[in-house]
Amino acid sequence: MLRLWLLLGLISSSLTSRGAVHEDTLHITTNVDELFLTPDSYSVLEDATGRLSIRDVRSSVWARRFVPGNQVATNIQHTAAAYWLRLTLHDAEQAERHWYLELLDSHINNILFYQDDDSFPRARTGSNLPFNSRPYFYKNFLFRLQVAPNQTHTYYLRLQSDSKTAFLARLRNETVLANHFQREYGLLGIFYGVLLIMVVYNLCIYLFIQEQMYLRYVAYVLSCSLVFLSEDGLGFQYLWPALPWLNQLINAVAPVLLLLTFSYYARQFLDSPERLPHYDAWVRRVVLGSAALLLLDALVIRSGLGFWLYPLPYTMVYYLAVRIYQRGFRPALLFLVAHSFVAISVLLLILRKLGIHTLTNTFTVYSMNVAFVLEIAVLSYALGDKIKAIKDATIRAQERLVKQLRKRQHAQSQLVDQLQQNQQLKDQLNTDLEAQVARRTEELRYQSETIAAQNRELIQANRLLALQSSAIEKLNAELQHDLQQAQEARVLSREVDFGAFSQIYPDKEACLTYLAELKWANGYRCRRCGHEKYCDGREAHSLRCTKCRYVESATAYTLFQKCKFSIVKAFYAVFLLHTHHGNYSSQELSRILDLRQGTCWSFSQKVTDAMRRREHAPDYDEQESWTSLLLDTNETGVEDSLPEQDKTHQTLSL
Ligand SMILES: [Zn+2]
């Protein structure tokens, strides 16, 4: 493959340098204004010690040691050595033309330029000297070749460099030089203009939306610009012309910075810490490790092999993008496309650094600029695309949120409506209840008033009733009294017949009760021993002394002692005899009482005797009741007259 490229390069270079026939002399034909200095058009002498002077080099000893350029490496192999380039030129043009030799690499540290037999250099320049030491204020090294028509001139260049810079040179005459300057500076102006616009634009975006990815992108573009400014020499020409020592430093540091900012930006762009955390951690380690080794090599070790460390981290980042694209992250494709441009141009740069110049021409030298512009543009677009995707996602999320909020708001308003309805219902209910309560209260008040009124009426009625009842009671009592009085009066008025009398003393029991009450009205006292304690006797209404056991019947010591007929009839007989003052015939009495006349006669004798004794008593009252006769009897003769009484009884029975 490499050989194929070499072959193609040879063909292309042989095409561009028409008329280069002699191996050591460059014959410039007419009508040629510009030509690329191919390796077969110059010779090279490596001065390992770096001590040879122009005089030594011209001497036949050293002159023979010059080797044609196409037989040796076309770049500086040993940084300690000095390299002499010899160019023999023959211009076929008759008219005098001014030719200019341009060294395309601006990193050569020290350059001396001699023509023909000069013992002192016509120009002393290099990147180790301030910019204003240059014969022409141009980013590359430019030397004026004095070429007389149809004459052969020899030019010597002594080159010494810390980096393995290539012997790339170009010849132009004055007719095309101005055009070339204009075109080259114009294109570079456009290139840096694009970068500047990208920086300012993305910086503004960052300031507006505060998305950190833009800042990383700006850092990447800036370090990218620094690499180019260092590479093409414009940085030295315009930014640090008085500080040549910065050239080497920036040349060493800028690519490391580019690697760091690029991976820093790419990892965030691809979201690799989230999408592929494990692999991302490895990418990070490799990038940091490579950067450290590169800095160490560029500033301390200076092995010149540092660039071999670049492919690994870049390839890992590229593979990261591929993996993430496979996982469905669409902007990663744009990233890969953009990266591809740079990858190709970086490959070209690596080839150039290695001294392989088969593909080196104006286009390939600036291919990297084009690639980077393309990359930066595509990345900017990808960045915008990604931010747009993020924004779209955000907008979608917001729309969903708004939808949810609307839904919630709707639900809330429904709830509020429901609550209002409930409130209304409640109010209505309250009003109804209040009205009902008021009505009920009014009813209750009315009822209680009615009840109170009724109560008052009842109390009044009660009072009236009480009055009436007491009146009735009084009336009753009066009536009772009147009745008794009337009956007693009737009895006393002697108008009482036996039927009416029987109502007062209806039977034996009533008569005995009356008699016992009358007899013991003032308390009991035994007639035999005078004892006052008693108990009931066997006979009704008889009392027995608890001491001597003497039994006294109700009729004993009364008019009715030993009476052989009904005590009721006897009571009536006493009543009739008392009422008629003893003037009542026994015949009449016998008829009324339905008793034998003899019985009636003997009993009436007994009563009239008692009446007579009563009339002679000291406490006698003419108006006294007939009952006062009942206990008046001949006490002394009771026991003694018992047989007599029995005899009487016997007679009465007869
Ligand atoms: Zn007694």
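These exercises work through the helices, cores and salt bridges of a predicted model.

Local features need pLDDT of at least 70 and side-chain atom pairs count only at pLDDT 80 or more, while totals for chains, interfaces and linings use all residues. Residues are numbered from 1 along each chain as its sequence is written, and side-chain values use heavy atoms, with hydrogens and water left out.

**Exercise 1.** Determine which residues of the largest nonpolar core touch the most other members.

Solution. A nonpolar core is a set of buried Ala, Val, Leu, Ile, Met, Phe, Trp, Tyr and Cys residues joined through side-chain atoms within 4.5 Å. Buried means under 20% relative accessible area, exposed over 50%, and partly exposed in between (1.4 Å probe, protein chains only). The core has 65 residues, and those touching the most other members are Tyr217, Tyr220, Phe269, Leu270, Phe335 and Phe372. Elements that give two or more residues to this core include α4 (174–209), α7 (245–269) and α12 (362–492); helices (H or I, at least four residues) and strands (E, at least two) are DSSP runs, numbered from the N terminus. A second, separate core has 40 residues, among them Tyr505 and Trp626.

Next, take Phe335 and set aside its neighbours within four places in sequence: Phe335 is in contact with Phe262, Ala266, Phe269, Leu270, Val317, Ala321 and Leu379. Contact means heavy atoms within 4.5 Å.

**Exercise 2.** State whether Lys519 and Glu552, which form a salt bridge, are buried or exposed.

Solution. A salt bridge is a side-chain nitrogen of Lys or Arg within 4 Å of a carboxyl oxygen of Asp or Glu. The closest N and O atoms of Lys519 and Glu552 are 2.8 Å apart. Lys519 lies in helix α14 (residues 508–519) and Glu552 in strand β14 (residues 551–552), 33 residues apart. Both Lys519 and Glu552 are buried.

For contrast, take the salt bridge of Arg614 with Asp619, at 3.2 Å between the closest N and O atoms. Arg614 counts as buried because its relative accessibility is 12%; Asp619 is exposed, at 54%.
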